[in-house]
Amino acid sequence: MNEKRSKTNRSARSDRHWVEVRAQALDVLVRSESERLFVDEVLARTPADADRRNRPLLQEMVYGVMRHSNTLDMLVDFDLKHPLAKQRPEVRAAMRIGAYQLVYLTKIPAHAAVYQTLEALKRRPGLERSVGG
């Protein structure tokens, strides 16, 4: 029983860890758009994590979303009732991050990409209740 509980605690910590990376990517993309800054500038101002292993994934997500934003927007817009351009910046960035992981980061399981990106979006002020969950 203790072994099962220990495994569950490790899994929850791991989820929080990966959600944090996505939350940082979301913050970088939203700040870049709202403050009209290059993502390099925003990333340089992003505090280094206690765990430096996050930085490569953070950079991959941010630069990948920027590099493929037109393609991601087209893919996401295809299934939306309201165009991506009319969504709040946080929602727009989260959809791009999720789509980028699903299409380009094939080592990340689809369920993890979607769940952890939604959890990161829920952390944004004013969006806690509007995101399903």
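Angles of 65 to 115 degrees between axes count as roughly perpendicular. Keep that range in mind while you explore this model, which is predicted. Two packed helices are described by the angle between their axes and the distance between the axes.

**Helices α4 and α5**

- Helix α4 covers residues 69-77 and helix α5 covers residues 89-104; their axes lie 10 Å apart, at an angle of about 100°.
- Because that angle falls in the 65 to 115 range, α4 and α5 are roughly perpendicular to each other.
- On the α4 side, the contact is made by Thr-71, Leu-72, Asp-73, Leu-75 and Val-76, and α5 brings Met-95, Arg-96, Ala-99, Tyr-100, Val-103 and Tyr-104.
- Sorted by class, the residues of this contact of α4 with α5 are eight nonpolar, one polar and two charged.

**Helices α3 and α5**

- Helix α3 (residues 54-67) also packs with α5: the two axes cross at roughly 95° and come within 9 Å.
- The contact of α3 with α5 has four nonpolar, two polar and three charged residues.

**A nonpolar patch on the surface**

- Which residues form the nonpolar patch on the surface? They are Leu-75, Leu-102, Val-103, Tyr-104, Val-114 and Leu-118, and together they have about 480 Å² of accessible area.
- Helix α5 gives the largest share of the patch, three residues.
- Both α5 and α6 (110-122) supply at least two residues each, while Leu-75 sits in helix α4.

Note on methods: Residues are numbered from 1 along each chain as its sequence is written. This is a predicted model: local features need pLDDT of at least 70, side-chain atom pairs count only at pLDDT 80 or more; totals for chains, interfaces and linings use all residues. Side-chain values use heavy atoms; hydrogens and water are left out. Axes are lines fitted to C-alpha atoms, for helices over the stretch in contact, and angles run from 0 to 180 degrees between N-to-C directions. Helices (H or I, at least four residues) and strands (E, at least two) are DSSP runs, numbered from the N terminus. Angles under 35 degrees count as roughly parallel, over 145 as roughly antiparallel, 65 to 115 as roughly perpendicular and the rest as oblique. Contact means heavy atoms within 4.5 Å. Ala, Val, Leu, Ile, Met, Phe, Trp, Tyr, Cys and Pro count as nonpolar, Asp, Glu, Lys and Arg as charged, and the others, Gly among them, as polar. Patches are made of residues with over 30% relative accessible area and no salt bridge: like charges are joined within 9 Å, nonpolar side chains (Val, Leu, Ile, Met, Phe, Trp, Tyr) within 5 Å. Accessible areas come from the Shrake-Rupley method with a 1.4 Å probe; for residues, only the protein chains shown count as cover. A salt bridge is a side-chain nitrogen of Lys or Arg within 4 Å of a carboxyl oxygen of Asp or Glu.
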